[in-house]
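Hi there,

Here is the structure I promised to pass on to you. Have a look at it, and then read my notes below.

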Amino acid sequence: KQQQRWQTECRLDRLNALQPSRRVESEAGISEYWDLENEDELQCAGVSAVRHTIHRRGLLLPFFTNAPDLTYIIQGMYSRGIQGAVIPGCPETYESGQSQQSQRSQQQHQKVREIREGDIVAAPAGVAQWFYNNGDSPLVLVSFVDVGNQANQLDLTARRFHLGGNPQKDQRTEQEMRLQSRSRRSEKGAGERRNPNGNIFSGFDVKILAESFNIDTELARKLQSKNDRRERIVRVRDELQILSPSRIHEEERRHEYRRGYDYEEYNGMEETFCTLRMRHNIDRPSRADIFNPRGGRLTTVNSFNLPILRFLQLTAERGVLYKNAIMAPHFNLNSHSVIYITRGSGRCQIVDDFGRNVFDGEVQMGQLLVVPQNYAVVKQASSRGFEWIAVKTNDNAMRNPLAGRISAMRAMPEDLLANVFRISREQARNLKNNREEVTIFSTQSSQQGREY
Amino acid sequence: KQQQRWQTECRLDRLNALQPSRRVESEAGISEYWDLENEDELQCAGVSAVRHTIHRRGLLLPFFTNAPDLTYIIQGMYSRGIQGAVIPGCPETYESGQSQQSQRSQQQHQKVREIREGDIVAAPAGVAQWFYNNGDSPLVLVSFVDVGNQANQLDLTARRFHLGGNPQKDQRTEQEMRLQSRSRRSEKGAGERRNPNGNIFSGFDVKILAESFNIDTELARKLQSKNDRRERIVRVRDELQILSPSRIHEEERRHEYRRGYDYEEYNGMEETFCTLRMRHNIDRPSRADIFNPRGGRLTTVNSFNLPILRFLQLTAERGVLYKNAIMAPHFNLNSHSVIYITRGSGRCQIVDDFGRNVFDGEVQMGQLLVVPQNYAVVKQASSRGFEWIAVKTNDNAMRNPLAGRISAMRAMPEDLLANVFRISREQARNLKNNREEVTIFSTQSSQQGREY
Amino acid sequence: KQQQRWQTECRLDRLNALQPSRRVESEAGISEYWDLENEDELQCAGVSAVRHTIHRRGLLLPFFTNAPDLTYIIQGMYSRGIQGAVIPGCPETYESGQSQQSQRSQQQHQKVREIREGDIVAAPAGVAQWFYNNGDSPLVLVSFVDVGNQANQLDLTARRFHLGGNPQKDQRTEQEMRLQSRSRRSEKGAGERRNPNGNIFSGFDVKILAESFNIDTELARKLQSKNDRRERIVRVRDELQILSPSRIHEEERRHEYRRGYDYEEYNGMEETFCTLRMRHNIDRPSRADIFNPRGGRLTTVNSFNLPILRFLQLTAERGVLYKNAIMAPHFNLNSHSVIYITRGSGRCQIVDDFGRNVFDGEVQMGQLLVVPQNYAVVKQASSRGFEWIAVKTNDNAMRNPLAGRISAMRAMPEDLLANVFRISREQARNLKNNREEVTIFSTQSSQQGREY
């Protein structure tokens with residue numbers, strides 16, 4: 001069942017293909033932000049985004065946000081990574097690889113996940129996450145933070161809380177951006193500047209930290225990381241010693257075994273974050289919901305196939321259009337759609353409630369495009385093909401295609417169409433039936449298969 | 001379970017009986033709008049309304065809105081109509097009446113509904129609808145658009161998206177009204193005027209439309225309807241050829257048969273819009289929940305007797321007061337109430353949280369009155385009687401009468417009332433018990449039965 | 001499942017320990033208000049509060065609010081009270097103590113509850129309540145009104161509707177406060193002042209009231225209470241004659257018997273306010289969820305152990321820290337926390353998303369402190385101990401401790417912590433494991449047991 005989102009103002013007379021508005025370099029990677037405060041369409045959709053490029057042995061320090069986070073692993077083809085989440089009250093079910101038996105009990109931690117290209121990882125608001133690149137090529141991921149979600153009880157700002165480190169540049173540019181956006185809205189709020197201060201331990205008294213952890217004040221001071229200049233993505237000294245790959249593989253096999261039962265096991269009583277699956281590969285071609293060998297494929301992950309999305313109230317869509325293929329003109333009934341282009345490029349057109357074209361342009365790999373709820377949109381791949389990941393603000397986002405075998409046109413009687421458009425019944429019949437494909441359409445110029 | 005609504009500002013020092021603020025004439029009918037932007041109480045309630053008068057052979061072109069729509073068929077006594085809805089993914093289960101067998105497969109469409117006076121029709125946000133008058137007298141309907149509903153993720157404006165036609169006057173006056181309202185709120189937003197442009201196909205490129213539908217560009221241009229001057233309600237050339245009445249009757253009988261099971265069949269797994277009933281007759285006297293032969297009747301339709309209302313988060317109330325009868329002073333616990341007077345007139349009084357009278361006046365047929373959540377209200381019919389349809393912003397709206405057999409007064413102990421109002425126990429007993437009727441009260445001047 | 005709250009603006013650069021902003025004396029008691037309009041943090045949390053001190057034989061007149069209300073009975077040790085609620089449609093299941101058999105049917109009323117120190121009482125929006133002190137010492141209670149709750153469809157103001165009395169001073173200061181707050185926000189709204197007017201009957205015409213209740217106009221005028229100067233808390237003439245204590249005890253025993261089944265009985269079909277338990281003792285030590293004999297205890301009441309909280313979307317937390325003990329640094333994942341200090345004092349520190357300290361100070365008995373969602377907080381009792389009641393804006397509020405046996409630190413791998421904080425693995429192990437207690441920590445200076 002759908003849930004209310006934050007109230008937004010939607011001045012959408014002109015949409016844009018968005019580049020990140022802010023870029024911060026860290027010791028072992030780069031973070032690029034699409035700040036919600038900077039763009040009218042992100043504010044309307046209530047979604048902000050960030051792309052992290054994590055170098056080899058890079059670690060994105062543990063943090064949490066005031067809103068659900070859906071992350072897609074863009075790259076790399078031969079790269080691997082590990083994600084860990086910190087969920088209150090869940091048991092420490094993993095043990096470290098080192099087998100110093102005497103200290104075994106001290107080396108437990110919560111479950112970690114191996115991630116690879118094409119995975120989405122879902123984290124509820126307030127659940128801390130970290131990402132580690134244990135592969136050889138950069139690990140690139142894009143995270144959508146659904147600030148407009150009901151789980152956020154603060155204001156319409158993505159707030160990041162850090163469990164370690166001292167992201168100085170990051171916080172300074174973020175404060176800058178917030179102050180600008182605020183002063184654009186009102187004259188007040190000018191004198192509010194105070195220096196950002198790092199992680200959440202930095203604001204506590206050292207003595208009370210020492211007493212809380214039962215440690216000495218020197219170690220407590222380390223928690224505050226005041227002299228840390230590494231920013232959000234740090235380089236791990238040796239390989240991160242976490243858990244043996246064999247155990248991961250065991251886990252993988254268990255997962256594989258259980259996958260078919262995920263939905264059946266799901267009921268109100270067992271709904272704890274501890275047991276819910278957080279990861280799902282959305283790029284596996286065999287999972288496509290719509291597949292046209294002459295056009296491409298579409299895969300949808302919602303609360304039915306990834307139940308944690310019921311808490312997050314989000315749906316993910318993976319789209320792959322082969323060269324020159326078309327995704328049917330359609331509109332989203334009950335959600336916005338925030339689209340990130342993962343590969344290739346395509347032409348998109350978006351139409352508002354007054355029938356006006358509010359976007360008509362080429363969208364490139366690495367750009368973000370917002371399609372507001374109910375606005376009509378059509379996409380056509382360039383000769384390089386067109387691939388994207390979209391996040392939709394509803395746990396069961398619904399799409400209504402206007403053309404094709406399952407479409408609004410098909411739903412309406414022939415004679416109705418003849419009268420609506422002042423055309424003959426013959427023409428109405430063509431309008432309804434000429435396109436037999438479903439949502440993903442081949443064109444004369446599109447080729448057999450995915451050969452771009 | 002109740003859902004959050006849009007945040008509103010409620011300046012309710014004075015309420016009014018509202019006439020439509022905008023009127024647009026079409027080829028075959030008239031549309032009159034109560035725009036939310038124009039009235040403080042509509043903004044507080046988050047509801048806008050429109051009354052369509054559809055002439056003989058008139059067709060209200062297919063459209064959808066960014067919010068749930070609840071329509072009541074006001075008239076006519078001998079009129080009939082047909083409603084069709086376009087629901088994505090639902091099968092085309094109806095076939096046209098013409099039995100050209102060879103083309104049978106091309107004449108399928110989604111279910112249509114016969115509608116008559118006293119029906120309510122419920123449509124979720126983003127579901128396209130059309131209405132056709134196949135009777136001899138005008139078909140009059142009033143639609144409530146619940147813009148404050150959780151299903152709307154845009155802004156607090158009723159946005160109509162048209163699947164055909166070119167409602168020029170309509171869109172121009174709507175844009176006018178929005179710009180006025182916006183400039184009243186802030187200085188910005190002045191230069192945003194762009195010409196409205198018709199239906200959602202009008203904003204797409206003709207070539208991409210042609211390719212999407214696999215039709216020629218001439219027919220694609222017809223979709224855009226640039227030269228159509230008929231506005232939203234158009235005259236059908238001959239009778240609309242949709243489906244044989246006999247099939248409708250079959251369907252009707254099946255409905256009758258199934259009606260008793262509607263509630264039992266309802267469970268989480270089968271909750272698809274395809275099978276949910278969208279129509280319900282709220283005016284049938286036998287369905288009244290409260291009936292007083294000397295006062296009138298009240299009928300409530302909520303998610304228990306019309307399950308689709310659980311998605312819409314709305315309740316409908318039909319009230320009929322015989323001449324001079326009173327509806328008990330009461331307040332709505334968990335919803336606003338937006339009342340449209342369908343016949344007669346009556347005196348209403350509304351009281352706010354400071355005990356101030358914010359409305360005291362005669363309300364006439366054709367007017368709209370908003371009773372905000374928790375505000376106390378009393379209604380008395382004039383000598384012509386008083387009838388209304390009310391939409392309440394909760395799928396299980398609750399009313400607390402202050403007087404009568406089931407009431408707040410009855411709930412409180414006698415001695416408590418004596419101390420609250422500084423009256424004798426004898427007086428407290430009268431206060432509790434003198435009025436034995438439930439919610440619909442007869443008066444000395446009210447007559448036996450409905451004889452106005 | 002979590003529900004959306006009202007949208008707020010959170011300017012939280014500096015938090016404060018809050019004293020009431022408004023105090024009104026009545027005939028038999030005192031009301032002290034924390035108005036949401038007056039404090040940035042209350043606006044952000046969407047919660048306002050009031051403390052009523054009800055003298056012997058004092059009656060807080062029946063009223064309801066536009067938002068759920070959670071009341072905690074602070075005092076007195078030897079005091080008792082009675083609460084009554086007015087729930088529409090629920091039967092009058094209680095009979096008065098006087099056994100004048102002939103009039104028995106006229107002396108029925110809805111269930112009333114005996115209340116005592118440590119109880120919480122939950123009331124949905126729009127449900128009228130009254131409180132009576134039938135003990136010998138003052139009855140002191142603090143009510144949290146969750147204005148930001150989804151059940152409130154008006155605006156972000158706590159509105160109180162009175163079913164009797166004429167709270168002149170109260171309404172006048174409330175209007176004053178609202179007008180000030182409104183003019184602070186905008187220039188408009190200046191000329192809107194109209195005299196408050198008492199209870200909800202005051203705004204109706206006397207004749208229509210008389211007709212509605214079928215009483216004479218003299219008695220109808222009494223309902224309006226225009227000359228009543230007693231304000232909200234009035235003195236009852238003799239003892240309030242409601243129901244025999246023996247019947248209460250019978251009811252108590254029945255409750256005790258049924259308590260174990262509360263959760264099991266709970267399902268969608270029986271969810272009526274009539275049968276849901278509204279009261280729960282949160283202070284009984286045996287109900288503590290976390291207990292440390294050298295530190296204190298924590299008790300949580302949420303929708304699992306008090307199902308009505310599912311409607312209210314609230315959680316209550318009772319905390320008792322013995323002298324110098326520490327409650328672990330932690331953050332609330334999915335709610336704000338509004339804390340009222342019931343006894344003693346303690347030092348609190350609160351940290352924001354930029355690692356800045358936004359509160360560091362001693363909080364005293366009788367003060368209110370807001371901890372925004374996701375902000376980190378630590379509490380240490382003074383030598384007098386520290387006790388509080390907190391209301392959290394989620395029906396299953398979750399807390400993530402940063403230190404102790406169940407904590408974020410424990411959830412993370414040792415080697416991860418070593419890299420995050422640039423410490424040795426030995427140090428990381430100490431960080432994880434040195435504090436073995438759960439959430440409530442003893443300190444060297446804290447003593448055995450509760451002896452302050």
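**A buried aspartate in a loop**

The side chain of A:D352 reaches the backbone nitrogen of A:F354 at 2.9 Å, which is a polar contact (a pair of N or O atoms within 3.5 Å; within protein, one must be able to donate a hydrogen and the other to accept it, and residues adjacent in sequence count only if both atoms are side-chain atoms). That side chain also reaches the backbone nitrogen of A:R356, at 2.9 Å.

Before we go on: this is a predicted model, in which local features need pLDDT of at least 70 and side-chain atom pairs count only at pLDDT 80 or more, while totals for chains, interfaces and linings use all residues. Residues are numbered from 1 along each chain as its sequence is written, chains are lettered from A and ligands numbered from 1 in the order in which they are written, and side-chain values use heavy atoms, with hydrogens and water left out.

Where is A:D352 found? Look in the loop between strands β20 (337-351) and β21 (357-364) of chain A; strands are DSSP runs of E with at least two residues, helices are runs of H or I with at least four, and both are numbered from the N terminus. A:D352 is buried, with a relative accessible area of 2% (buried means under 20%, with a 1.4 Å probe and protein chains only). Leaving aside neighbours within four places in sequence, A:D352 is in contact with A:V358, A:Y375, B:F161 and B:I200 (contact means heavy atoms within 4.5 Å).

**A helix with a buried face**

Now find helix α4 (residues 217-224) of chain A, where the buried residues are A:L219, A:A220, A:L223 and A:Q224. Seen down the axis of α4(A), they fall within an arc of 160°, so they line one face of the helix; the arc is that of the directions from the helix axis to the C-beta atoms. An α-helix has 3.6 residues a turn, so residues three or four places apart point the same way. The cover over these buried residues includes α3 (206-213) of chain A, together with α8 (408-411), α9 (414-421) and α10 (425-433) of chain C. After α4(A) comes A:S225, with a positive phi near 50°.

**Chain A as a whole**

Chain A has 10 helices and 25 strands, and 68% of its 452 residues are buried. Of the contacts in chain A with a separation of 6 or more, 76% come from residues 24 or more positions apart.

Happy exploring!

Methods: Buried means under 20% relative accessible area, exposed over 50%, partly exposed in between (1.4 Å probe, protein chains only).
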